[in-house]
Amino acid sequence: MFAVVVDVDYVGKQQLKNLLKQFGNGVQLRPTYLVSSGKGVHLYYFLQEPVQLYRNREEVLAELKEALIRRLWNDTSSIRPDSPDIIGIYQGFRCVGSQSKLGVDFPVKAYKLSENRYTLEDIKASIPSCKVDLAPLYEKPRRKSTVTLEEAKELYPEWYEKRIVQGEPKQKSKKQGGTWVCNEALYAWWKRKITEEVKAGGRYFSIMALCSYGLKCGISEQKIRRDAYAFLDHLESLTEDEDNHFSRADVKDALRALKGDRKRLSTIASREWIEDNTKVTIPANKRNYRKQEAHLYLARRKKRI
């Protein structure tokens, strides 16, 4: 990751003036580049050193980016301060020079605001009361085993017999590429959520979530695609801004998630991730509540001891 990029949407003339003033007086961290994307801005904070994206770092980086988004997207910078788009570190943005939502006469433009390059600690320090723990970013990732297959045959004969000789899958399901298969009712439940609760701003991610739930539930790719396009008319009817329609191309783009790492998509799209990106409230299941209660009980008991 070479830069942290924050999207602030619904930026009018006065909001842009406010942002530039805050960058100038140090109230907000001044980005390296500001990109005019049409009706919003993309703020690029170049890093002094690129960060390698090991899996154990993704969650921390996403938390830090969320804190920066909430810091920058507020009632002085956006016409809609209560609807920040909490997007992850892998979110793509409009390419500089391409066409913005306003049409061919309004290309995406970039403006250099500084020569600054930052560390992640600099970014954290710019966010008052930021509690994101950056320590996991400095933990070395686990190395892959250097044990050869012949050595594994001697060391782990039962594993060798099941996985190599008999060819059993790594986890519960071949169909899921190694992830747990959920009941299809979960997929049907999310389809109802799309119909009843998804609003403009969460439409694209609702289709990505449909892909994730479909993979978790063992739904065929063909059915997921068919269901996704079936929601097109409904999602387009939610349009609030004439410059922000939801089209067949948006569905097609969201469905590209099916072409990536299926196991990763079905696991990285957590309950929290789906909530943040679709703005749909998803209560934790009872088992998670019990875990939380147990942790609280143990914490209280430790204090008494």
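Glu-240 is exposed, with a relative accessible area of 55%, where exposed stands for over 50% relative accessible area, buried for under 20% and partly exposed for the range in between (1.4 Å probe, protein chains only). The model is predicted, so that local features need pLDDT of at least 70 and side-chain atom pairs count only at pLDDT 80 or more, while totals for chains, interfaces and linings use all residues. Residues are numbered from 1 along each chain as its sequence is written, and side-chain values use heavy atoms, with hydrogens and water left out.

**Salt bridges**

Across the whole structure, a search finds 12 salt bridges, each being a side-chain nitrogen of Lys or Arg within 4 Å of a carboxyl oxygen of Asp or Glu.

| Pair | Closest N and O atoms |
|---|---|
| Glu-240 and Arg-80 | 3.2 Å |
| Lys-112 and Glu-115 | 3.2 Å |
| Glu-275 and Arg-271 | 3.8 Å |

The bridge between Glu-240 and Arg-80 links distant parts of the chain, since Glu-240 sits in the loop between α9 (232-236) and α10 (248-254) and Arg-80 in the loop between α2 and β4 (99-100), 160 residues apart. Helices (H or I, at least four residues) and strands (E, at least two) are DSSP runs, numbered from the N terminus.

In the pair of Lys-112 and Glu-115, Lys-112 is partly exposed at 46% relative accessibility, and Glu-115 is exposed, with a relative accessible area of 62%.

Glu-275 and Arg-271 both belong to helix α12 (residues 271-278), where they stand 4 residues apart, about one turn of the helix. Both side chains fall in the partly exposed class, Glu-275 at 22% relative accessibility and Arg-271 with a relative accessible area of 27%. Elsewhere, salt bridges that share partners join Lys-191, Lys-223 and Asp-227 into one network.

**A patch of negative charge**

On the surface, Glu-59, Glu-63, Asp-133 and Glu-139 gather in a patch of negative charge. Patches are made of residues with over 30% relative accessible area and no salt bridge, like charges being joined within 9 Å and nonpolar side chains (Val, Leu, Ile, Met, Phe, Trp, Tyr) within 5 Å. Asp and Glu count as negative and Lys and Arg as positive, with His and the chain ends not counted. Among the members, Glu-59 lies in helix α2 (residues 55-72) and is exposed, with a relative accessible area of 60%.

Terms used:
Accessible areas come from the Shrake-Rupley method with a 1.4 Å probe; for residues, only the protein chains shown count as cover. The place of a charge is taken as NZ of Lys, CZ of Arg, CG of Asp or CD of Glu.
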